[in-house]
Amino acid sequence: MGCGSSVHQRTDRNSIKINVIEPTSIAPEPSDIEPYTLRRESNGVHTILEEKNNMATGTSQSKKSSDSMISYHQSDADFVKYLSAELNKNNISVWMEDPKDKSTESVSHKGQAIVESKVFIIILSRESANCKTCQDEVALAYISNKPIFPIAMEQYSELSKHLDFGMRLTLSKLNWVFFETKSDRQENFPALLSAIQQELAIEPTPCEDSMLDMDVVINSEQPRFQMNFKRQQSQKTTEANGKTDKDFWEKAFGKNTEVPWIEFREKFKTEYAENLERDFPEDHINWLMNLIYKDVLELKKTFSKKMYDNFCGSEQGADRFYERLKHYAIGSFAMREVFDMDSTVRLDAVQNLGSFKTPSVISALLDLLDDQDPNMRAVAAIALGRTGINNRKIVQRLIKLLGDEDRLVRESTCLSLGHMHAEDAVPHIVDLWRNDAISHVRNAAELALSQMGADKAREALKMTKVLGDEMKRLENPI
């Protein structure tokens, strides 16, 4: 079902022009990973790789993709019924979960409904603002580049008390539609309908991110810079707070070509103190600074103007670095929200990656291979296998992961490399098959080799079988 939350930047609630995230159109590809289950018994985590024909295909409500998907908390079910009925009257199909259906099948269909819908609607109330499921669903809609329509059931001043950081950040650039009273239904629904109809009438076109060459992005020395899920440019380039039209770097550092990281950090925090206070809770400021230091500077002690310009990319305006950083932070947080082991949509995201495997998603998954959490590394390895992209850099990164200290990471990586038919990985997988101390890893390695079908893999399987038979004869001489 759903729940949600977000940030409001509007003072005139009767103005309901809606800015949305442009959708990406990428045809899904089939998956043929063998049925296999990975389990980490210590924490009850289950990561399942299913056969291609076992993937969820929608609920009984919709055997095909719908025009819209509504995420909501069950306390708002009456309003959702009203909204669904009105949209259906106007020939807009709706996918909405039946709150009485608690089956695993229904939950799986919900995730696919998000990925396959043309627009995503989130009903915002106090209950949905606190709902983990709704938060995850918004994150999945965001990274799959769906136009998002936030509908608020009460005043922002009340909802803001319940918004979590992720929802606040993700929806902060969107304009909300307010349905606080029944009169709002008559006043605001026509404009909402018009906005949705306009989105549905737009011919699907690749977003800026999807038009980037996949190999160029994956093989870039700075892949993190490609994390740009939003095609539209920010409409807030300058603030009415006395700032000039000078770019931040020019204003703070003049013609310097590089500055110490510590100096950049302090001037940035001073210049954008008001923005940071508005957009980021105090306990997330350090997270944001670490994001710059780790992903933009790549742990370097100096910040060069070239790094700065590369990161800003096509962003325009005096505040281009801040706006680009905010978009990047949203993408980074949303990826973690979706692929985290506690996520309610993680399996749906992994299973449906073929539908939204943009360069941004691939680049972010590559970053997650280095995450400190072994569960996150395992999921990222599985997800990369699901994309079906047999790129040399991806394969080399996964081969490196075969030496991970965590057995579930090694297991996941074997399966992904097998699914990708990565012949370069054969000797490394053979080594695990023959020498890994964990039987689960050895079984995954054997399965991966059998999946590949390459001469190297077949020869390794044959040789090992012959040696195994010989050892049995020695142990049991006639």
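1. Strands here, at least two residues of E, and helices, at least four residues of H or I, are DSSP runs numbered from the N terminus. Two strands count as paired if DSSP finds at least two bridges between them. Strand 5 and strand 6 run parallel and are joined by five bridges.

2. A word on the ground rules. This is a predicted model, in which local features need pLDDT of at least 70 and side-chain atom pairs count only at pLDDT 80 or more, while totals for chains, interfaces and linings use all residues. Numbering runs from 1 along each chain as its sequence is written, and side-chain values use heavy atoms, leaving out hydrogens and water.

3. Now the overall picture. The protein holds 22 helices and nine strands. Of its 478 residues, 56% count as buried; buried means under 20% relative accessible area, exposed over 50%, and partly exposed in between, with a 1.4 Å probe and protein chains only. The exposed surface comes to about 21300 Å², of which carbon and sulfur atoms supply 48%. Those areas come from the Shrake-Rupley method with a 1.4 Å probe, and for residues only the protein chains shown count as cover.

4. Contacts deserve a look too. A contact means heavy atoms within 4.5 Å. Among contacts between residues at least 6 apart in sequence, 78% join residues at least 24 apart.

5. Five strands make an open, parallel sheet in the order 4-3-5-6-7. Strand 4 and strand 7 (177–178) stand at the edges with a single partner strand each, so one side of each is left without a neighbour in the sheet. Strand 6 and strand 7 pair in the parallel sense over two bridges, and Ala152 stands opposite Phe178 in strand 7.

6. Helix 1 packs on this sheet, touching strand 3, strand 4, strand 5 and strand 6, and its direction makes about 150° with that of strand 5. Helix 4 lies across strand 3, strand 5 and strand 6, at about 155° to strand 5. For these angles, axes are lines fitted to C-alpha atoms, for helices over the stretch in contact, and the angles run from 0 to 180 degrees between N-to-C directions.

7. Six of its six residues are buried. Strand 3 and strand 5 pair in the parallel sense over four bridges, with Ile70 opposite Ile121.

8. Ile121 itself counts as buried because its relative accessibility is 0%. Not counting residues up to four places away in sequence, Ile121 touches Ser68, Met69, Ile70, Ser71, Leu83, Leu87, Phe149, Ile151 and Ile196. Ile121 and Tyr72 are 49 residues apart in sequence, with 8.6 Å between their C-alpha atoms.

9. Helix 1 passes a simple length check. At 1.5 Å a residue, its 13 residues (77–89) should span 18 Å, and the end C-alpha atoms are 18 Å apart, which agrees; the expected span is 1.5 Å times one less than the number of residues. The buried residues of helix 1 include Phe79, Val80, Leu83 and Leu87. Their cover includes strand 3 (68–71), strand 4 (94–95), strand 5 (119–124), strand 6 (148–152) and helix 7 (182–201).

10. Asn91, which follows helix 1, has a positive phi near 60°. Asn145 also has a positive phi, near 60°, in a residue other than glycine. Asn145 lies in the loop between helix 4 (132–143) and strand 6 and is buried, with a relative accessible area of 0%. Glu298 has a positive phi near 50°; Glu298 sits in the loop between helix 12 (282–296) and strand 9 (302–304) and is partly exposed at 26% relative accessibility.

11. Last, helix 20 (residues 426–435). Its buried residues are Val426, Ile429, Val430, Leu432 and Trp433. Seen down the axis of helix 20, these fall within an arc of 160°, so they line one face of the helix. The arc is that of the directions from the helix axis to the C-beta atoms.
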